[in-house]
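Subject: Structure handover

Hello,

Here is the structure you were expecting, with the sequence. My notes on what was found follow below it.

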Amino acid sequence: MAASAPASFWRSLAIQRRVIFALLMREVITRYGRHNIGFLWLFVEPMLFTLFVTGLWSLLRTSHNPGIPVAAFAVTGYSSVLVWRNTMLRCTSAITPNLSLMYHSNVRVFDIFASRVVLEIAGASISFIVLALVFTALRWIAPPADILKVLFGWFMLAWFGAGLGFAVGAASELSEIVEKIWHPLSYVMLPLSGVAFMVDWLSPSYRAVVLWVPMVNGLEILREGYFGDAVTAYYNVEYLAAFCLSMTFFGLALIRIASRRVQPQ
Amino acid sequence: MIVLDKVSKVYGTRGGSRTVLDRISLQVARGEKIGILGGNGAGKSTLIRIISGAEMPSSGHVHHGMSVSWPLAFGGGFQGSLTGRDNLRFICRVYGADFDTALPFVEEFSELRGYLREPLKNYSAGMRARLAFAISMAIEFDCFLIDEVMAVGDARFHEKCHIELFEKRKDRAMIIVSHVPEQVRTHCNTLYVLDQGHIKRFDNPDEAYEHYASRNP
């Protein structure tokens, strides 16, 4: 049970995995406790969110497309919003409450972000899968046309959330203004993300503009996978991948800078 | 071997940047015990934080060739809303130690027993310190960082900590920082004096004390 000294790449990877898991379990217990349904809140919370929105939309019948039932549209749309939005928001101001953990030489600033990212993506993914399964079983929505494409779209949205989370999380450690500006900004991003529309419904001149929004591309992929030929999807995979990749690198670079500034008591 | 190579730390303050550590180089071999003497504001705590990895140096390198503990008897790494057991479980996961082996030791050593199932926020300061010390002893480190010589609990418990650390683990490396020469005298073979961010090594302890006394009258 000797504490390990840093060595090879694989050894470091094993340590990092262990540390991220430890942080993740700690986060689960501190956030949800051991009372009532405990860690199940991790995905029950986003599930309720999606359910309420789905209910509201069904009442208002906001879907303009006769081809897709409102429930299916809301579940795909809102679950996707949650995966990137929760992941990103959980990363803001993640370090300050955990500053004292920096005294453990194995724990790095990156690990704290990584554990939160993993936890939020897991929660949103379980919530999406459970809702999709239940709705399918109740015959409210049809099973996905192309499950691999759904997973790919989901993966891209989660990656976008992680990259943005790293960048915004690290930036929020460097300046307090970031968090204050970010919350309203993330609100504006919500309607722009394609949660309530498909690119096909817009006039061609707007389509080109709205496709600059990365999440729109991810959601279009996911919906094309889910609804197949019932919809016409517009997206640019290369653009989305390039955006996520640059955001990830940018985020990691910012984390490096923030790490140098971290100052525990 | 722990190696610090020209480590500097500069903090940005309202009055401009302040150099707290200026090109500090030192080495600690396996089993070696070094003492670092320094007055108030000499940069001792900053140095300990940099060695433990809690902070990164502004320039220079820190190489950990062996595992290093957190500053001993330090209770800040624990979460108040978690129980003593959950805190121990977290530490065991972080350091890859076996929880089932560590638990009986911590129960026994900390003398907290049933309280380990209580959240830390219900502990007294003394109970927290006992738990913190017991947990640090449950993980086997190659090098222990000791910031001042801690007083944990009453005289009897303090004696117990002393035996556990300095007698049972006398084969380990230790880095002790203090402003009291007597505290480092008994344990250390190599002495350093830290003064205004500069460090000086002494092989002869008496020279170190003299130098320290002349700088901190």
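**Strands of chain B**

V3(B) stands opposite H63(B), a residue of strand 4 of chain B. Please keep in mind throughout that this is a predicted model.

Strand 1 (residues 2-13) and strand 4 of chain B run antiparallel and are joined by 5 bridges. They belong to an open sheet of 3 strands in chain B, in the order 2-1-4, with antiparallel pairing. Strand 2 (16-28) and strand 4 (59-64) of chain B are the edge strands, each pairing on one side only. On average, and with direction ignored, neighbouring strands of this sheet are turned by 25° against each other.

Strand 3 (residues 33-38) of chain B pairs in the parallel sense with strand 7 (residues 173-178) of chain B, over 5 bridges. Within that pairing, L37(B) has S178(B) as its bridge partner. Strand 3 of chain B also pairs in the parallel sense with strand 8 (residues 190-195) of chain B, again over 5 bridges. There, the bridge partner of I34(B) is T190(B).

How many of the 6 residues of strand 3 of chain B are buried? The count is 6 of 6, and the strand is mostly covered. In a regular strand, side chains alternate between the two faces of the sheet. For strand 3 of chain B, both faces are covered: K33(B), G35(B) and L37(B) are buried on one side, and I34(B), I36(B) and G38(B) are buried on the other.

**Where chain B touches chain A**

The contact between the chains involves 32 residues of chain B and 28 residues of chain A. On the chain B side, the elements that give two or more residues are helix 1 (44-52), strand 5 (68-71) and helix 2 (84-95). Helix 2 of chain B supplies the largest share, 5 residues. By class, this side of chain B has 14 nonpolar, 11 polar and 7 charged residues.

**A helix pair in chain A**

In chain A, the axes of helix 3 (residues 70-91) and helix 8 (residues 214-227) come within 10 Å and cross at roughly 140°. The two helices of chain A are therefore oblique to each other. The crossing of helix 3 of chain A past helix 8 of chain A is right-handed.

Helix 3 of chain A contributes T76(A), G77(A), S80(A) and W84(A) to the contact, while helix 8 of chain A contributes M215(A), G218(A), L219(A), L222(A), R223(A) and Y226(A). By class, the residues of this contact are 5 nonpolar, 4 polar and 1 charged.

Regards

Note on methods. Residues are numbered from 1 along each chain as its sequence is written. Chains are lettered from A and ligands numbered from 1 in the order in which they are written. This is a predicted model: local features need pLDDT of at least 70, side-chain atom pairs count only at pLDDT 80 or more; totals for chains, interfaces and linings use all residues. Axes are lines fitted to C-alpha atoms, for helices over the stretch in contact, and angles run from 0 to 180 degrees between N-to-C directions. Helices (H or I, at least four residues) and strands (E, at least two) are DSSP runs, numbered from the N terminus. Angles under 35 degrees count as roughly parallel, over 145 as roughly antiparallel, 65 to 115 as roughly perpendicular and the rest as oblique. A crossing is left-handed if the near helix is turned anticlockwise from the far one by less than a right angle, and right-handed if clockwise. Two residues are in contact if their C-beta atoms, placed from the backbone, lie within 7 Å. Ala, Val, Leu, Ile, Met, Phe, Trp, Tyr, Cys and Pro count as nonpolar, Asp, Glu, Lys and Arg as charged, and the others, Gly among them, as polar. A residue is buried if 20 or more other C-beta atoms lie within 10 Å of its own, exposed if 12 or fewer, and partly exposed in between; C-beta atoms are placed from the backbone. Two strands pair if DSSP finds at least two bridges between them.
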